Amino acid sequence: ESAPGPQKYVRLSERRDRYGDPFAHVQYESNQFDRETCRFSDELFDRFKAASGAVDRTPIEVDDFLSGHHHMGTCRMGPGPGDGVVDTLGKVHGLSGLYVVGGSTFCGTSGAVHPTLTMVALALRTARHLAERR
């Protein structure tokens with residue numbers, strides 16, 4: 001897991017696409033928690049290697065330990081506007097009829113790899129809610 005921090009964010013880039021829209025710029029720098037997590041996982045892999053009799057393994061470099069490149073948390077879910085951008089169903093706080101679904105509603109990290117099923121479950125829950133409101 002990678003911990004959120006001020007050195008991890010998404011902003012609009014100075015560069016623009018062919019339509020003149022700015023690209024997203026993802027800033028991602030490992031912090032102390034990330035380094036400790038990487039060190040711990042490295043030690044754990046060494047233990048697995050020794051216990052299993054494996055002859056080789058590729059060490060993890062902290063700068064390559066980027067949570068699988070699943071960028072999340074740009075529209076965090078929270079109970080109120082001071083805690084997040086959307087509520088538990090993905091409705092944007094303070095706006096009527098605007099919903100966001102996907103990994104951006106996660107609170108900053110996925111806790112593990114492969115967050116797709118959780119994203120799908122959240123999207124289906126929001127879809128069900130919207131269908132019931134129709």
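Glutamate 43 and arginine 39 both belong to helix 1 and stand four residues apart, about one turn of the helix. Helices (H or I, at least four residues) and strands (E, at least two) are DSSP runs, numbered from the N terminus. This is a predicted model, in which local features need pLDDT of at least 70 and side-chain atom pairs count only at pLDDT 80 or more, while totals for chains, interfaces and linings use all residues. Residues are numbered from 1 along each chain as its sequence is written, and side-chain values use heavy atoms, with hydrogens and water left out.

The side chains of glutamate 43 and arginine 39 form a salt bridge of 3.0 Å, N to O. A salt bridge is a side-chain nitrogen of Lys or Arg within 4 Å of a carboxyl oxygen of Asp or Glu. Glutamate 43 is partly exposed at 41% relative accessibility, and arginine 39 is partly exposed at 46%. Here buried means under 20% relative accessible area, exposed over 50%, and partly exposed in between (1.4 Å probe, protein chains only).

Lysine 8 pairs with aspartate 34, their closest N and O atoms being 2.5 Å apart. This pair links distant parts of the chain, since lysine 8 lies in strand 1 and aspartate 34 in helix 1 (residues 32-52), 26 residues apart. Lysine 8 is buried at 16% relative accessibility, and aspartate 34 is buried at 0%.

## Glutamine 27

Glutamine 27 lies in strand 2 and is buried, with a relative accessible area of 19%.
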